[in-house]
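Reader: Hello! Could you take me through one part of this model closely, the packing of its helices, and then show me how that part connects to the sheet?

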Amino acid sequence: MTMHILWDIDGTLIHNSKDGAAVYLEAFTHVTGTEPQKFITNPHGQTEGQILTALLELNGHPATMLDDVLAELDARTQKLLETGYVRTAVVGGPDALRDAGGRGWTNALLTGNGPQHSRVKLTAAGYAEDDFNWTNSFFGDRSPDRHHLTSLVAPILGEQPSVIIGDTPNDGLAADSARIPFIAVATGAYSVAELRDTSALVVVEDLVAGRDDVLGTIAELAQRG
Ligand SMILES: [Mg+2]
């Protein structure tokens, strides 16, 4: 069975952006009628479902408003793309996808973003929709946390081997709870040293310097099956 690579997006395939949070706050404000007064301090490695639910509750709104905020988020992210939204791919990201595809592996997503926001972010960074298998990808817009997200993988993939590539200790913990191997890249908010404290089979500075380590590790996992 072919290796199924589950790529995280933020900090892994594209660089984090301070402006990236603006669209969440706008959707929140539109739905609740007021700007949030309290904010999430560390969103890295959290799912959209988790961040938006926490933001609602922190500001005295019911968590049941999540669906409305997500619908508004979809509308606003689509508009972003139509107005020339730009994100930046990490160095070596597009090449890593190509190399993995060339070896017969499947590139898919496991991300805290919803499908629509994922498409917008990736295409705004120059990736193509066709770079990924969207059917067997996993999106966290309705997941309460990353453990919930990774628990969705086994029922879909069954015995097919998979690996998660991510940039936060949270990605590693969620991979552990689903017994999925984890590879860490330090292109997000965490350093190589911090990521070495996770279960990662390999930690790389980026997908250029760490290209051979990442591909070699996946090849070993693929062989093991
Ligand atoms: Mg990330």
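Author: Helix α1 (residues 22-32) and helix α3 have axes that come within 9 Å and cross at roughly 130 degrees. Here axes are lines fitted to C-alpha atoms, for helices over the stretch in contact, and angles run from 0 to 180 degrees between N-to-C directions. That angle makes α1 oblique to α3 (under 35 degrees counts as roughly parallel, over 145 as roughly antiparallel, 65 to 115 as roughly perpendicular, and the rest as oblique). The crossing of α1 past α3 is right-handed; the term applies if the near helix is turned clockwise from the far one by less than a right angle, and left-handed if anticlockwise. On the α1 side, the contact is made by Val23, Tyr24, Glu26, Ala27, Phe28, His30 and Val31, and on the α3 side by Asp68, Val69, Glu72, Leu73, Arg76, Thr77 and Leu80. Two residues are in contact if their C-beta atoms, placed from the backbone, lie within 7 Å. By class, these residues are eight nonpolar, two polar and four charged (Ala, Val, Leu, Ile, Met, Phe, Trp, Tyr, Cys and Pro count as nonpolar, Asp, Glu, Lys and Arg as charged, and the others, Gly among them, as polar).

A word on the basis: this is a predicted model, where local features need pLDDT of at least 70 and side-chain atom pairs count only at pLDDT 80 or more, while totals for chains, interfaces and linings use all residues. Residues are numbered from 1 along each chain as its sequence is written.

Helix α3 (residues 66-82) also meets helix α5 (residues 115-124), with axes that come within 9 Å and cross at roughly 15 degrees. That makes α3 roughly parallel to α5, and their crossing is left-handed. Leu73, Thr77 and Leu80 are among the α3 residues in this contact, and α5 contributes Gln116, His117, Val120, Thr123 and Ala124.

Helices (H or I, at least four residues) and strands (E, at least two) are DSSP runs, numbered from the N terminus. Strand β2 (residues 106-111) pairs with β3 in the parallel sense over three bridges, where pairing needs at least two bridges found by DSSP. Leu110 stands opposite Phe138 in β3.
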